[in-house]
Amino acid sequence: SNLLRKPAMKWLKGKWLDLGSKAGKHLQFKETYDRNTKIYTYEMTIVKVVDGDAGGYRCEVTSKDKCDSCTFDITVEGRQEINSLLSTCRGDAGEDAGDLDFSGLLKKRERKQKEEPEVDVDVWEILKNAKPCDYEKIAFEYGITDLRGMLKRLKKMRKVEPKQCDAFLRKLEPAYSVEKGKRIQLSVELADPNAQVKWLKNGQEIKPSAKYVFESVGGIRKLTINKCTLSDDAAYECVVGEEKSFTEIFVQEPPVTITKMLDDVHVVVGDKVEFEVEISDEGGNVKWMKDGVELTRDGKYRFKKDGTKHWLIISEATKEDIGTYYVYTSGGESKGELEVEDKELEVLQSIADLTVKAAEQAVFKCEVSDDKVTGKWFKDGVEVIPSDRIKMTHVGRIHKLTIDDVKPEDAGDYTFVPDGYALSLSAKLNFLEIKIDYVPRQDPPKIHLDSTGSMVNKNTIIVVAGNKLRLDVEITGDPAPTVCWKKGDTEVSNTEGRVRVENRKTLSSFVIEGAERGDEGLYCITVINPAGEDKAELHIRVVDVPDPPENIRCSGVGEDSASILWDPPKFDGGVPIKGYLMERKKKGSSRWTKLNFDIYESTEYEAKKMIEGVLYEMRVFAVNGIGVSQPSGSSKPFMPIAPTSEPTRLMVDDITDNTCALKWLPPERIGAGGVDGYIIEYCLEGGIEWVQANEVPVEKTMYRIRELQVGEKYLFRVTAVNIAGRSPPAEINQGVTIREITEHPKIRLPRQLRTKFIRKVGEKVNLVIPFQGKPRPVVTWLKDGAPLDPALVNIRTSEVDSILFIRQATREHSGQYTLSVQIENMEDKVAIEIQIVEKPGPPIAVTVTDVWGFNAALEWKPPKDNGNCEITGYTIQKADMKTKEWFTVYEHNRRPSCTVSDLVMGNEYSFRVFSENICGQSEDAGLSKNKAVIAKTGLQHKQQPYKERDMNSSPKFTTPLVDRCVIAGYSAAISCAVRGYPKPKIIWMKNKMIIGGDAKFLMQNNQGVLTLNIRKPSLFDGGQYICKAVNDLGEDQVECKLEVRGNHP
């Protein structure tokens, strides 16, 4: 396609400043179009360049939904004037609209280096004002070799003063995160409550609206953003006068979840299959899989979407389609089973016996459920051959055999056999011979009833409800008789309407249109003429499909099954009930699944292959010879749940003179029903009556049975209870005698308390000491032989243990604690040594006792406070009086003296000593009272002349870019490393196009380590990325491929 319209051009300075609004004498814009070359030319002219014009610029061109951009820098040097700046952007109208190419690249001017006179500068002042990344360069320039010493001195010299903000008392947070569709509030606090603020989004001022709400309460200013979308993911700032507060909002898309799960589908071969699922977001995508293979539109499978609903459609199911189908979203999954059974041929209408007269037409007709089934006709076992008189037709599901001009040899048994099915339909053709006798002219009336057709026995006619009944009765008599029809005592004389009588000379027809149940009854026809009268009675039965079954209920459930009961329908339709059809569905679903295709005769059914823990509903259809009834009402929801297995490891925990304590473990198999509690029962040994000890099931796995008889033997059992009922019992089959058991007191002291127990000052002390003894012993605590002070130590004692607790230990808690457990005259004691320690004090009397050569001897005395534990060593440090920086000489020195060697001649040294114990070093150190002076000798050092090294080099990448594969929506970064001097300029490109000031990309350079951060990449951010480094000595580049994959499970 061509560029039908002129593209839109924007000139920007920095990230967001649109220069179009600044047009005037200083900035001038011009645009031209060449019809021959189809090139648009845009020019920006800066008149009388000033220092403020320096910086980065960007020109953007857009056409329809395509965009391209180009960035360049302007540098203003000295008094040099820049008259004009020309940039040409070209869009070939013969290419796709929006794929624009900046062919007029801006040229970079060389900087003119001005020779500056050498001046005497203060290196430390330069370092104080320089960036940390330039320290190494400055040190090399001024000949500083001790970089570590330089950094330590610079750290002491530099005082970091926090930048004061006059306008803001509280600024915005660096970043905020909010979910899509939620509300977020930005808040700042101002020093001046009357100050006016501006809120900006990506550099553009925000106007109040229903989406953006401004609030002002005193000095607090709030911006509320309602119903956040992905377009709100941007940079925001609050402006007060000349001061600004910046932040960034990240909008997170919530995962797409499944709100309506897949249902199982049960169909026959050839039926249409539809799997339906509903998700939480209209814009969400789903993936369909079967047996681990993703399904695609290959003709067999079709996919349909309507809002949040998605369908998988199989037009004609086959046996190969059986399996488990899965649907996945970014935040969930569901599965459904497809069962396909062979289709059975159903006879909708069978052929009926016929009785015809000579020269009449005989038609045998039948209807089957499948319109594609073909078949053959047989007479007396011999296949019928079509002829001019005999015709066979097949239209849809109806098969006909028509015999014209019936002859006596046509009588016989006719059979229709469908191809491919073990099924046959038979009927008989009867030939009626008519004899003509001489009838006198005076003939009494006579009613001639045809006993064939719909009469099941003599004078009884059956009609299906809703069908039409036409009863033709032949009447003879001379003269022509009068006909009268009655139902009971009511005469039927209507000649029009639903029930009517139609009379002709020798034929009276009784017609019922759309037979109803009320039409059933005894009908009488009477014919009268002068020669006499005749009467006949007919009984009409109206049959229909039965009423629905009643009282559908669940009588019991299992782990994956349920027993269903129902009552037969009140009205069977006038035909005996043949059986029932059952359907079930999950609660909340609208799709019913057939449970049987063959008629089930009983009124009790066990449904299987259900999922434990899922609520189901059932309904039943009744079937008779006429058809299938309407469905019954749905049963109450029921859940297949099996009782748990029996509790495990039942044992006796304690026995007294009238109680017994039991304990056990939960069942190994619990299932979806969980465990609601436990029932405990007991029985006298040899008895058969079990007594329940607890009225309400207990949740704990222990219980004490009370009010037992002393000296008797009891048996015990425990059962678990849930919604499905009781589990099998766990039993103690050996009799347990109820009697008091005496046990000597015994303290079981933990292993860590058998030696001295040491803790630091301020730590928590929690000692749990178990003991045993029956009856319950008396527990006593002592400290150093005296009773404990409850204000210092907390004691808690139970039947089986005693706990000593100190919230914050101090040194006065140290001592020997004695625990005594006593039952009458029996007693057991243990002693526990507790020592609370802390860091020691500093050594005292640190003295330099001797100095010789490059050595100094030190001595000191141990600290007055050893922290309530042994001193384990000392740490000795020295300091040169010139730099006054301390360096460690010895660590963990165990003696109170040492010799310091390798001192520098001509320097004066001071020493300090730290004491150590198991808590660590002392907070303070002991300083030496005198100093050690290392005298100079007659040696002189001749310094070699310094030769400056040329550090200039062209850019060279030391670490290349690496191909990466990332997931869409998750931030990613690609990194490489470069070296070169002078510091090279870094250019990032995507698909050979320079990445400009796009807020989606963040470019960082930390000591030569280059990083390109990509916020929430999409599928369109994939491609080839190039990093190019350029300085005056050359250039180098590296590249990689970035693949962005969709966020699918």
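Reader: Cys366 to start. Buried or exposed?
Author: Buried. Cys366 has 0% relative accessibility. Buried means under 20% relative accessible area, exposed over 50%, and partly exposed in between, with a 1.4 Å probe and protein chains only.

Reader: What kind of model is this, and how is it numbered?
Author: It is a predicted model: local features need pLDDT of at least 70, side-chain atom pairs count only at pLDDT 80 or more, and totals for chains, interfaces and linings use all residues. Residues are numbered from 1 along each chain as its sequence is written, and side-chain values use heavy atoms, with hydrogens and water left out.

Reader: Now strand β28, residues 362-368. How many of its residues are buried?
Author: Five of seven, so β28 is mostly covered. Strands are DSSP runs of E, at least two residues, numbered from the N terminus.

Reader: Which strand does β28 join through six bridges?
Author: β32, residues 398-403, running antiparallel. Strand β26, residues 347-349, is also antiparallel to β28, with two bridges. Two strands pair if DSSP finds at least two bridges between them.

Reader: What does Glu367 face in β32?
Author: Ile398. Glu367 is also the bridge partner of Gln349.

Reader: How many bridges between β46 and β49?
Author: Four, with β46 spanning residues 562-567. In β49, Tyr605 is the bridge partner of Ile564.

Reader: Which residues touch the most other members in the largest nonpolar core?
Author: Leu186, Trp199, Ile225 and Ile249, out of 22 residues. Such a core is a set of buried Ala, Val, Leu, Ile, Met, Phe, Trp, Tyr and Cys residues joined through side-chain atoms within 4.5 Å.

Reader: Which strand gives the most?
Author: β10, with four residues.

Reader: And what does Ile249 contact?
Author: Leaving aside neighbours within four places in sequence, its contacts include Tyr176, Val178, Leu186, Asp232 and Arg1015. Contact means heavy atoms within 4.5 Å.

Reader: Lys585 next. Where does it lie?
Author: In strand β47, residues 577-586. Lys585 is buried, at 11% relative accessible area.

Reader: What lies 2.9 Å from a polar atom of its side chain?
Author: The backbone oxygen of Ser589. A polar contact is a pair of N or O atoms within 3.5 Å; within protein, one must be able to donate a hydrogen and the other to accept it, and residues adjacent in sequence count only if both atoms are side-chain atoms.

Reader: Last one, Ser645. Where does it lie?
Author: In the loop between β50 (616-624) and β51 (648-655). Ser645 still counts as buried, at 14% relative accessibility. Its side chain reaches the backbone nitrogen of Glu668 at 3.4 Å.
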